[in-house]
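Thank you for making time this morning.

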Amino acid sequence: MSEIKNIRDQFISKLENDLSIDQINEIKTELFGKNGLISSKFKTIGSIPDTDRKKFASDLNQAKDELQNLITSKINELEGKKINEKLEKEKVDITLPERPFVRGKVHPVSQTIDEISSIFSEIGFSVEEGPDVENEYYNFTALNTPDNHPARDMHDTFYLDENKEFLLRTHTSPVQIRTMLKDKPPFKIIAPGRTYRSDSDQTHSPMFHQVEGLHIDTNINMGHLKGCLNYFIKEFFEVEKIKMRFRPSHFPFTEPSAEVDIGYEIKDGKIIIGEGDKWLEILGCGMVHPNVLKNVKVDPSKYQGYAFGIGIDRLAMLKYGINDLRAFFDCDYRWLNHFGFDPLDVPSNYRGLSR
Ligand code: DAH
């Protein structure tokens, strides 16, 4: 066996062992260093007899290539391993720690307003808005409630100036006036919003909510009003059958005027709408007074219609079993969590109002 082959075999088997990079580098020096085994063989090429030189050089080059390749690949392999081990050790968890996802709840009053809007829009009402800070004219005078009219006292008004010109609106009825002044008849609108009166106990809060309704056209009568309210109450309480009672009443802006009660009973601590012999007042309504129409330049001999004002908070309390009105405005987060609604469940007549 030639000496070159000897060296080759010996070192190849040496390199098969489990070696460190340093040990491999030592072998590299042993073979290819200045006086390395292979390097020094190259130096002897000149002294080899002509006949053998070619073969000797070729064997030597082959052994050199083989050993060098093996050394390079072993070193690459070990370095790769080293990098991977380092990466493994230095791995950082870049994901954030899991945090509980808290989704806010929709307040029962907002939910109720959405439900009411959905029900009325289904039968052709559009939604109007008016300002909370009103002036005396829109809140009273234009609604056929002139100065010194006793109805003004009943409203427990919060006035904002000494002249009693500006006030916090005591009802949503001024939106009737604003709507009729800015457009031409027919009108078919609802106007939900905040209202204010200086009054506070278990069923009254200084700030509360109403929804106004107004339907003016050439041929509207009290039958339309009854039909509309009947439909609304059934849809709102999601019941087939309701008991509704119109009691004669007085509002300066309607003639005739009525207050509407709905029949209910309490069974096992729960309010059942549409049964029993108890009555609960939920709204005021009537046929719009001709003076109101005149005030907004609508001809009462041609147009007439009905209006109504519903207390939203009371409806929400009834539907959702909330027995103290003041809880609505306490901003107690636990209360809201319990009585609030999922913001993704938007009320609609098709999908259900209060799922
Ligand atoms: N604005 C009245 C109130 O707050 C409620 C009301 C009664 C509104 C009759 C109306 C109506 O539109 O026709 O007491």
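By a polar contact I mean a pair of N or O atoms within 3.5 Å; within protein, one of them must be able to donate a hydrogen and the other to accept it, and residues adjacent in sequence count only if both atoms are side-chain atoms. With that in hand, a polar side-chain atom of Gln 176 lies 3.1 Å from an oxygen atom of the ligand, one of Arg 197 lies 2.8 Å from a ligand oxygen, and an N or O atom in the side chain of Glu 212 is 2.6 Å from an oxygen atom of the ligand. Taken alone, the ligand exposes 350 Å², and the protein buries 92% of that, where accessible areas come from the Shrake-Rupley method with a 1.4 Å probe and, for residues, only the protein chains shown count as cover.

Before going further, a word on the source: this is a predicted model, in which local features need pLDDT of at least 70 and side-chain atom pairs count only at pLDDT 80 or more, while totals for chains, interfaces and linings use all residues. Residues are numbered from 1 along each chain as its sequence is written, and side-chain values use heavy atoms, with hydrogens and water left out.

Which residues come nearest to the ligand? Of the 15 around it, they are His 171, Ser 173, Arg 197, Gln 210 and Glu 212, and a residue is counted here if one of its heavy atoms lies within 4 Å of the molecule. The elements that give two or more residues to this shell are strand S5 (207-217), strand S9 (278-288) and strand S10 (304-311); helices (H or I, at least four residues) and strands (E, at least two) are DSSP runs, numbered from the N terminus.

Let me turn to the backbone. A cis peptide bond, with omega about 5°, joins Pro 185 and Pro 186, and Pro 186 is found in the loop between helix H8 (174-182) and strand S4 (187-196). The bond from Glu 255 to Pro 256 is also cis, with omega near -5°, but the place of Pro 256 is in strand S7 (residues 254-267). As background, most residues other than glycine have a negative phi, and most peptide bonds are trans.

That brings me to two asparagines with positive phi, Asn 144 near 60° and Asn 148 near 70°. Asn 144 lies in the loop between helix H6 (136-139) and helix H7 (150-154), and Asn 148 is found in the loop between H6 and H7 too. Are they buried or exposed? Buried means under 20% relative accessible area, exposed over 50%, and partly exposed in between, with a 1.4 Å probe and protein chains only; Asn 144, at 18%, therefore counts as buried, whereas Asn 148, at 77%, counts as exposed.

Ile 123, in the loop between helix H5 (108-122) and strand S1 (126-127), is partly exposed at 29%, and its C-alpha is 9.6 Å from that of Lys 188, 65 residues apart in sequence. Arg 326, in the loop between helix H11 (312-320) and helix H12 (333-339), is partly exposed at 37%, and its C-alpha is separated by 6.5 Å from that of Ser 205, 121 residues apart along the chain.
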